[in-house]
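User: Could you walk me through this structure? I'd like to begin with how packing is described and then move on to the rest.
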Amino acid sequence: MSDLDGLYQQLILDHAKNPHGRVPLDSPTSQSHQVNPTCGDEVTLSLRVENGVIEAIGWEGHGCSISQASASLLATLVDTLPVAEAESLLEEFRTAMRSRGQIELDEDRFGDAIALNGVSKYVARVKCAMLPWVALEHAMAG
Amino acid sequence: MQPTLTEADVAMIRADFPILSTEVNGRPLVYLDSGATSQKPLSVLDTERDFYLSRNSAVHRGAHTLAALATEEFEEAREKVARFVGASADEIVWTSNATEGVNLVAYALSNLPAGSELALVPGDEIVVTELEHHANLIPWQQLAQRTGATLRFIPVDDEGALDLERAPITDRTRVVAFSHVSNVLGVVNPVAELVARAHAVGALVMLDACQSAPHLPLDLHALDVDFAVLSGHKMLAPTGIGVLYGRNRLLNELPPFLTGGSMITTVTMESASFLPAPQRFEAGTQRVSQAIALAAAVDYLTGIGMERVAEHGSRMSRQLIDGLSAIDGVRVLGARGAQRVGLASFAVEGIHAHDVGQFLDDRGIAVRVGHHCAQPLHRRLGLTSTTRASGSVYTTEAEIDFFLEAVADSRAFFGVAS
């Protein structure tokens, strides 16, 4: 598989085309809007957190296939998770994305989202994959 | 001299740009991002290096031999650049880039004492266009905020062409700022008509010539603009050097923007008096090597001949526009039939510009993706981001063909080809 095919795995393209969780959320408890100023891509991520657990997640926005797929995979991954667990996933995700291809996501913990492993070799695209995760970070903090 | 650049001419030009022979991602570099920054010929790089090797010293201070040589060369560079743009040397202010040039004028205007003829007051209007680069928009927004003036704009139509019938140029207009060539559309704007309308109401004109100076013969006196800015690094020179042109009379009416050393006559502990333009606007140690390297870039372009450079750009433009328009699902920005330089922005239906750019990069092709510092224009055209290909004197027909083939292939890769 070439690097480019590794970046754009079919699973990524499928999630970008038919994303999960891309819906406005009724009565969110917190929300974060994030913009990538270099390309204008944006995501608004909403959470409903009850008793320290993410009971519901929804996001809206537009962007490249990497940012859209990342938001979609994130939504499937953290829905119903305790906030503390989502925070540790976020840290692992960030570490892997910043590793320039040295650290891979753990399949047991990230499932289909390991398809995003190819991104970390493309320094300019790490921000795309991180955009919804940064929104999650702010939403969980806020 | 032949009126066009032949394939052999371009091959000779390319030999002056070693970076064009390098590889990216294991593929020969196809550099189509000259609108963002051009590559630099050896003569420009050598000029900068030679200066540091044999003549480096500060200008307009010091009486030693090197200082005198450097000052002479620095001022010769100003004369050379002035000739290149159809101005005189005392109308050329060195800046760090074009953005600084626009800010310099905007801040000098708001630094004027109240009651000055050129000062803006509430009720005055500043007119820009909807297709401006942020550098020729935000400084005017800020000037409006500082002075209480109102910012208005000339809208574009659905194709991105300026709608001059709706240009809000009135007796209240004090400044009209617009680009000579759009950095997104590559289209040459109707300078003569806009200047005539601005001057008819007594407004000052600021021309952003960043995307025209590298591609078209430029005669600022003939264009009759009051101010203009250029960016060295987009016209084969290094980064860190730009030019502000201002009519000599106007420059001398404006107070300084940045103050400090080198721009004064007499200084006491309480006050200072300032040198005439252009030195009044050149506070602090100057960008000597960059200025003389810009003069070398101007020599390089003049050596090719700006008429031939323009013809080469016009041919590139046709190849880009015709080629992109022929690909299914590709929307080329800008009105058909307009006069253009060798620059085109486009959207591929169903594929985000970053993904198009990534696909092209994999084949060694460098393009710009995003909003190209023109968010309002993109929003008006219903887009967030586009892909932009922009050539220069070193761009070959074969490179553009290779690029067009890659754009077509990106549709199959991302599964949007029918």
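Analyst: Before anything else, contact here means heavy atoms within 4.5 Å, and please keep in mind that this is a predicted model.

User: OK, which residues of α3(A) and α6(A) meet?
Analyst: On the α3(A) side they are Ile66(A), Ser67(A), Ser70(A), Ala71(A), Leu74(A), Leu77(A) and Val78(A), and they meet Arg125(A), Cys128(A), Ala129(A), Pro132(A), Trp133(A) and Leu136(A) of α6(A).

User: How much area do the two chains bury between them?
Analyst: Chain A and chain B bury about 1,300 Å², and 56% of that lies on carbon and sulfur atoms. Within the share that chain A buries against chain B, Leu4(A), Tyr8(A) and Cys39(A) supply 36%, more than any other three residues. Counted by contact, 19 residues of chain A touch 14 residues of chain B.

User: Where do Lys121(A) and Asp3(A) lie?
Analyst: Lys121(A) is in the loop between α5 (107-110) and α6 (123-141) of chain A, whereas Asp3(A) is in helix α1 (residues 3-7) of chain A, so the pair ties together parts that are 118 residues apart in sequence.

User: Switching to chain B, how are α10(B) and α13(B) arranged?
Analyst: Helix α10 (residues 306-325) of chain B packs against helix α13 (residues 397-413) of chain B at an angle of about 20°, with 10 Å between their axes. Since angles under 35 degrees count as roughly parallel, α10(B) and α13(B) are therefore roughly parallel to each other. The crossing of α10(B) past α13(B) is right-handed.

User: Which residues make that contact?
Analyst: From α10(B) they are Met316(B), Gln319(B), Leu320(B), Gly323(B) and Leu324(B), and from α13(B) they are Glu397(B), Ile400(B), Asp401(B), Phe403(B), Leu404(B) and Val407(B). The residues of the contact of α10(B) with α13(B) comprise seven nonpolar, two polar and two charged.

Technical notes
Residues numbered from 1 in each chain as written. Chains lettered and ligands numbered in written order. Predicted model: local features only at pLDDT ≥ 70, side-chain atom pairs only at ≥ 80, totals over all residues. Heavy atoms only, no water. Axes fitted to C-alpha atoms, helices over the stretch in contact; angles between N-to-C directions. Helix = DSSP H or I, 4+ residues; strand = E, 2+ residues; numbered from the N terminus. Parallel < 35°, antiparallel > 145°, perpendicular 65-115°, else oblique. Left-handed = near helix turned anticlockwise from the far one by under 90°. Nonpolar A, V, L, I, M, F, W, Y, C, P; charged D, E, K, R; others polar. Buried area = accessible area lost by both parts, 1.4 Å probe.
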